[in-house]
Amino acid sequence: LGVIFFGDENGNLNPKSSLNRSECASIMNSYFFDGYVRKYLVYLSPSNQMSNPYTGYDTTEGEQMNLVGKEVQKKLLDMGYEVVFADVSRSIADRGADANNMGCDAYVAIHSNAVSGNNNGQYHGTLGFYNGQNTGSKQMAQYIYNNVANLTPTADRGLSDDMKTEKPFIEVRIPQMANLLLEVEFHDYKEYAKWIMDNTEGLGNAIAAGIDKYLKTL
């Protein structure tokens, strides 16, 4: 039999005192669910490419995507989720292994995009890659992609199961849970780079809302 009464902040029971709403909810939770509340664990992996420049600005992909990641983290924590935020010094391969060892429920890599050569604005839009062999990956990827694609001002580029390619991305291949490698927009064209920088909070909220929508299906 699980413990139903925990007492006040000093561990004392006060049988003649009245209960407030939160105390009553705590007792009911303990009675019906044995005090157990499942907290889902999300691994956030913003780009660690600190030398990948934004066209026209003194900033990099790594700097900007870590700012977006912090907004995602803030929103998810407010929603009651547990979040692991990858250290910039942690390699991409090690991040996936860390998420597996921690038993994470979702893995989201956050990047901005670029092409080799000049981008005169013809390359643009949100792009995503997921592991179709992992339960929930396609579903979560679609939720997140839809939110971000609706936010970006350019035509978007779609989602794909990267495990169907000859050389899947590491951040798609290694994590064994629902995952997504998201490219929010291209940063090698000045107008698009500025849009990313001006929409850090909006991108964070959109990504977090997609993660939340997926985790609520579990």
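**Stop 1: strand β4 and its neighbours**

Select β4 and β5 (residues 158-161): four bridges join these two strands, which run parallel. The path between them goes from β4 through helix α4 (residues 137-151) to β5, a β-α-β crossover that is right-handed. Keep in mind that this is a predicted model.

Now colour β4 (residues 127-130) by residue. Side chains in a regular strand alternate between the two faces of the sheet. In β4, Leu-127 and Phe-129 are on one side, Gly-128 and Tyr-130 are on the other, and all of them are buried, which leaves both faces of the strand covered.

β4 and β6 are joined by three bridges and run antiparallel.

**Stop 2: two aromatic pairs**

The structure holds four aromatic pairs. Select Tyr-123 and Phe-186 to see one of them: the ring centres are 6.4 Å apart and the planes are at 35°, so this pair is tilted. Tyr-123 is in the loop between β3 and β4, whereas Phe-186 is in strand β6, 63 residues apart, so the pair links distant parts of the chain.

Next select Phe-129 and Phe-169. Their ring centres are 4.9 Å apart and their planes are at 65°, so the pair is edge-to-face. This pair also links distant parts of the chain: Phe-129 is in strand β4 and Phe-169 is in the loop between β5 and α5, 40 residues apart. Phe-129 is buried at 13% relative accessible area; Phe-169 is partly exposed at 37%.

**Stop 3: the second largest pocket**

At least two lining residues come from each of α5 (170-173) and β6 (178-186). By type, the lining has four nonpolar, two polar and two charged residues.

**Stop 4: Asp-105**

Finally, select Asp-105, in the loop between α3 (92-102) and β3 (106-113). Asp-105 counts as buried because its relative accessibility is 14%, under the 20% cut-off. Show Leu-218 as well: its C-alpha atom is 9.6 Å from that of Asp-105, although the two residues are 113 apart along the chain.

Key
Residues are numbered from 1 along each chain as its sequence is written. This is a predicted model: local features need pLDDT of at least 70, side-chain atom pairs count only at pLDDT 80 or more; totals for chains, interfaces and linings use all residues. Side-chain values use heavy atoms; hydrogens and water are left out. Buried means under 20% relative accessible area, exposed over 50%, partly exposed in between (1.4 Å probe, protein chains only). Ala, Val, Leu, Ile, Met, Phe, Trp, Tyr, Cys and Pro count as nonpolar, Asp, Glu, Lys and Arg as charged, and the others, Gly among them, as polar. Two strands pair if DSSP finds at least two bridges between them. A crossover is right-handed if, with the strands pointing away from the viewer, the path from the first strand over the helix to the second runs clockwise. Rings of Phe, Tyr and Trp (its six-membered ring) pair if their centres lie within 6.5 Å; planes under 30 degrees apart count as stacked, over 60 as edge-to-face and the rest as tilted.
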